[in-house]
Amino acid sequence: MMLVRELAQPAPTCRTETPIADVARLLLQQREEAVAILNELNEIVGMVSRSELLRAYAREDAAQLTAAMIMQTNLTHFDPETPLNTAIRWMRERNVRWALIASAPEILSSKTVLTFRHLLRYLAAEHHAVKE
Amino acid sequence: MSERQFVRDLMKVGVPKCAPDTPLAEAAQFLLDQDQESLIILDQDGHAMGIIGQTELVEAMLQDDWGSLTAMDVMRQDIPQVPPEIPLTAAAQLMADHKVRIFHLMHNAAGIIYPAAFLSLDHFLRHLAARDSSELDDLGIKAVRMSPIEAFKKRRDEARQRNMGGGNEK
């Protein structure tokens with residue numbers, strides 16, 4: 001049984017005051033799904049995914065928005081020992097493409113996420129393993 | 001943001017496609033390599049049968065037999081579409097409301113319905129992030145496109161690079 005910790009990776013990070021244009025550029029450059037938003041203590045205070053940026057794009061004040069203004073602050077997380085299928089079902093039911101991975105004591109310091117891209121890499125790697 | 005107002009200004013002409021019998025792992029590899037959201041599945045006549053994207057691939061991983069599944073097994077038949085003349089902000093709102101990440105512009109030629117162009121969430125992000133319009137030169141229905149021979153050479157060179165990259169592993 002595959003566990004989420006086997007595929008999860010560190011997320012890129014930025015600050016609460018980062019303009020959303022810079023957040024978009026970061027996600028595009030790193031081909032990532034979501035960025036962890038940190039406060040001055042380097043604690044995670046929210047997440048901004050591509051979905052939040054899409055909704056922000058539609059706003060008239062998009063050019064003035066910062067990460068703090070659009071971030072998700074409801075940081076549901078999965079224990080690293082959670083089965084992969086449980087995390088996939090959770091993401092599909094909520095129509096999200098990332099999940100924060102952390103054990104309970106380290107929720108504020110963890111910047112590790114499981115995203116659709118990590119799952120696709122696993123899917124594609126299995127293909128190569130079969131071919132070889 | 002640079003001055004682009006309508007869907008047609010940010011659409012990309014030419015759509016990633018695959019055959020119905022494409023293995024899911026191969027589709028996943030293509031989406032990762034090309035940084036794309038989805039593939040349109042075409043039948044032998046070039047008719048669009050459906051769409052397979054990151055969502056369908058991840059959902060398929062919940063099935064025990066996902067290793068033997070093909071694009072046709074997990075595709076969605078409803079291909080999300082958008083008119084090219086509506087404002088980009090309206091299209092972004094539609095995309096968010098419908099919980100999709102790509103829209104297509106479909107053409108009908110002699111009964112064959114095929115995808116001509118697409119607008120993805122990535123295009124919106126690129127528009128949001130662009131410092132000037134030159135960063136978006138490849139987008140929009142008026143964008144300069146490669147000739148068929150240039151496109152062939154590009155695909156050939158990419159295939160050669162992939163083969164060279166995997167050569168040491170075999």
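# Reading a predicted two-chain model

Mentor: Let's start with chain B, which has six helices and six strands. Helices (H or I, at least four residues) and strands (E, at least two) are DSSP runs, numbered from the N terminus. Bear in mind that this is a predicted model: local features need pLDDT of at least 70, side-chain atom pairs count only at pLDDT 80 or more, and totals for chains, interfaces and linings use all residues. Residues are numbered from 1 along each chain as written, chains are lettered from A and ligands numbered from 1 in the order written, and side-chain values use heavy atoms, with hydrogens and water left out.

Trainee: What does the radius of gyration say about chain B?

Mentor: You take it over C-alpha atoms and hold it against a globule rule, 2.2 Å times the number of residues to the power 0.38. For 170 residues a compact globule would come out near 15 Å, and chain B has 17 Å, which agrees. Its C-alpha atoms fill a box of roughly 50 × 35 × 35 Å along the principal axes.

Trainee: How many of the residues of chain B count as buried?

Mentor: Buried means under 20% relative accessible area, exposed over 50%, and partly exposed in between (1.4 Å probe, protein chains only). In chain B, 45% of the 170 residues are buried.

Trainee: Can we look at one residue? Is Glu56(B) buried or exposed?

Mentor: Glu56(B) is buried, because its relative accessible area is 9%. This residue lies in helix H2 (residues 54-60) of chain B.

Trainee: Which residues does Glu56(B) touch?

Mentor: A contact means heavy atoms within 4.5 Å. Leaving out residues up to four places away in sequence, Glu56(B) touches Ile51(B), Val74(B) and Arg76(B). For chain B as a whole, take the contacts with a separation of 6 or more: 60% of them join residues 24 or more positions apart.

Trainee: Now chain A. What covers the buried residues of H1(A)?

Mentor: First the helix itself: in H1 (residues 20-30) of chain A, the buried residues include Ile20(A), Val23(A) and Leu27(A). Their cover includes strands S2 (13-15), S3 (34-38) and S4 (44-49) and helices H2 (50-57) and H3 (67-70) of chain A, together with helix H5 (121-129) of chain B.

Trainee: And how do I read a sheet?

Mentor: Look for paired strands: two strands pair if DSSP finds at least two bridges between them. Here four strands of chain A make an open sheet in the order S1-S7-S6-S5, with mixed pairing. S1(A) pairs with S7 (residues 112-115) of chain A in the antiparallel sense, over two bridges. Within that pair, Pro10(A) stands opposite Thr112(A).

Trainee: Last one: which residues have a positive phi although they are not glycine?

Mentor: Most residues other than glycine have a negative phi. Among the exceptions, Asn95(A) has a positive phi of about 55 degrees. Asn95(A) sits in the loop between helix H4 (84-94) and strand S6 (98-101) of chain A, and is partly exposed, with a relative accessible area of 32%. Asp35(B) also has a positive phi of about 55 degrees, and its loop runs between helix H1 (24-34) and strand S3 (38-42) of chain B. Arg31(A), which follows H1(A), has a positive phi near 50 degrees.
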